2 protein chains.
Amino acid sequence: MSGITYQRIQTEVLHRIRARVWRPGDLIPSEVALAAEFGCARATVNRALRELAETGILERRRKAGTRVSPDPVHKATFDIAVIRREIEALGGVYRHAILQKAHVLAPSFIQALMKLDIHAETLHIRTLHLSNDQPYLYEDRWINMAAVPGIRSADFSRVSVNEWLVQNAPLSGGEITFLAKNADEAEAEALDTTVGKALFVTERLTRIKQVSVTFVRLAYAPGYRMTTRL
Amino acid sequence: MSGITYQRIQTEVLHRIRARVWRPGDLIPSEVALAAEFGCARATVNRALRELAETGILERRRKAGTRVSPDPVHKATFDIAVIRREIEALGGVYRHAILQKAHVLAPSFIQALMKLDIHAETLHIRTLHLSNDQPYLYEDRWINMAAVPGIRSADFSRVSVNEWLVQNAPLSGGEITFLAKNADEAEAEALDTTVGKALFVTERLTRIKQVSVTFVRLAYAPGYRMTTRL
DNA sequence: CAGTGGTCTAGACCACAAG
DNA sequence: TTGTGGTCTAGACCACTGG
C-alpha cells in the first residue's frame, strides 16, 4: 500500500477546514479527485469522508458532492452503562436496595406513556443505588409484565432489575430523556437531601418491537454531572 | 454482487442476539466464517461487525475474536446545534438579547477552569435566547480574548456570540457537561421564573490545540427536556 | 507461532438527484 | 442524462495478541 490511511486523510481534511482552505458551506473535491491527489484507492477516501460525515462535520449527497457543514452540528455521545458499572468505574463500591416492589395495574399516566391496555399489569419497583453506602441514584421503574415473560420468577436481591433487564431483554430500542427536576418528598428521602433540591434526571422508555417494556426514571443525587468529550 | 449487504448482516446478527442464539459474552464466528456463511466478501462482514462494535453491542479484539458484549453500553448521541437552529427546529421564532458585555480580567474560578494566565483578558457576555419572545435559554459565556483574534471587531447584534464562534472557530475540541441546578437570582430573573427552580444546565469548555477558547454555561428554562432515540 | 481483526487496493455496478 | 457517493468483491498484507 502507499502508506496513506483513512485516518491520515481525515486529519488532512480537518486541517484544511481549520485553515479555512475549505470553509463552511464549501464543496470539496470528489472522492475520485481526492484519491488521485492522495494517491490511494477511492475506498480509502470514502471511508475517511463517510466517517467525518457521520460526526456532522461534512455533508454528503449523491451527485451534489461533499460539503463542509455550514453550521456543524456537534454530536455528543454518552455511554449509558449498567448502573453498577457506572459506579464501579468511578471507584465506588456498589450496593442496591429495593425500596418497594409491587404488582399493580398501570396508573393512567403510565398507561399513556407506555401505551398500555387499561387492564395491563405492571411491576412497579423503586430501587436505591448506592456508592460506598452513599445514595447515588434513585430508580423508579415500571415494567410491562406482558412484555417480559420470566420476570415473575426473577430474583432481584443479587442482580438489580436494571441488570436483569439488560441481560434478559437486550438490544431494545426506545427513547432517553434528560431533564432537571426539583426533588419531591420520596426522592429527597431516598437520596438523603432536601425537598426542592435540583436533581438531574434521566427517563428511559424501552421498547421491543413497538411494545413498551419498561419506563424508568433515574434521579441522581445532587451534584451529579454527566460529562463527555467533544 | 450476491445481494448481501452489510446492513442485512447487521440485522441478522442482532436477530441472533435477540433470539439468544448468541448470548452476552459469547464468541461469535470469525469474519471469514461469516463471510462463507453469508456468501459475501469479508470486507462486507467486517463493516457490519465493526459498526456494531462502535455502538457497543459487540466487542472485538484481534486474535481473540468477536464477542457479544456482556453488559452492553448503550451509546446515546445528542445533536448539539447552534441555539438558533435548535429553536427554529422546534417551530419557534428566534431572537436574542445581550444582557451584559464586558471586557474583564478573568476571575479566579474562570482562570482555573480555563487554565488561563492571571492577567488574561476575557470577554464576559450574558445572553438571553428567546423563542417566540419567551425566555428559552440563559447563556453565560467567557471568552479568552487571546485565543480568538478578531472578536474585538465582531458585531453580536445580528449574529449571536454562539453562532459567531461556530463560524469563526470551527472544529474545536473540549468537554460538555450536563447537570441540574437550582436557579439563582440572575437566572431566575432572566428566565422569568423563581429562585430555586430546577434548571437543566449544560456547560461547555472549548479548546483549540490545548488552549481554552471559551467556557459557556447554558441554563434552559424550566420544563426543558433533552431527548434522543436509542 | 498462528489466527483474528484492521486496512488498503483496483475494479465494478448501482442508486440517487442535480442540471 | 451523467456525475457523485454507496457498496460489494477478491485478494493482499499487516498488527496485534492469545495460546
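Which ring does the charged end of Arg47(A) sit over? The ring belongs to Tyr6(A), and its centre is 4.0 Å from that charged end. Keep in mind as you explore that this is a predicted model. Aromatic rings will keep coming up, with 18 aromatic pairs over all chains.

**A ring pair between chains**
- Phe78(A) and Phe78(B) form an edge-to-face pair, with 5.6 Å from centre to centre and 65 degrees between the planes.
- This pair joins two chains, because Phe78(A) lies in strand E4 (residues 74-80) of chain A and Phe78(B) in strand E4 (residues 74-80) of chain B.
- Both Phe78(A) and Phe78(B) are buried.

**A ring pair within chain B**
- Phe178(B) and Phe200(B) are stacked, at 5.7 Å centre to centre and 25 degrees between the planes.
- Phe178(B) sits in strand E8 (residues 173-182) of chain B and Phe200(B) in strand E9 (residues 198-208) of chain B, so their pair ties together parts that are 22 residues apart in sequence.
- Phe178(B) has a relative accessible area of 1% and is buried, while Phe200(B) is buried at 2%.

**The ring cluster**
- Ring pairs link residues of both chains into a cluster, including Tyr136(A), Tyr220(A), Tyr136(B) and Tyr220(B).

**A charge over a ring in chain B**
- Arg47(B) lies over the face of Tyr6(B), 4.0 Å from the ring centre.

**A hairpin in chain B**
- Strands E2 (residues 58-61) and E3 (residues 65-68) of chain B run antiparallel and are joined by four bridges.
- Glu59(B) stands opposite Arg67(B), which belongs to E3(B).
- Three residues lie between the strands of this hairpin, where Lys63(B) takes a positive phi near 70 degrees.

Conventions: Residues are numbered from 1 along each chain as its sequence is written. Chains are lettered from A and ligands numbered from 1 in the order in which they are written. This is a predicted model: local features need pLDDT of at least 70, side-chain atom pairs count only at pLDDT 80 or more; totals for chains, interfaces and linings use all residues. Side-chain values use heavy atoms; hydrogens and water are left out. Two strands pair if DSSP finds at least two bridges between them. Rings of Phe, Tyr and Trp (its six-membered ring) pair if their centres lie within 6.5 Å; planes under 30 degrees apart count as stacked, over 60 as edge-to-face and the rest as tilted. Buried means under 20% relative accessible area, exposed over 50%, partly exposed in between (1.4 Å probe, protein chains only). A charge sits over a ring if NZ of Lys or CZ of Arg is within 6 Å of the ring centre and within 35 degrees of the ring normal.
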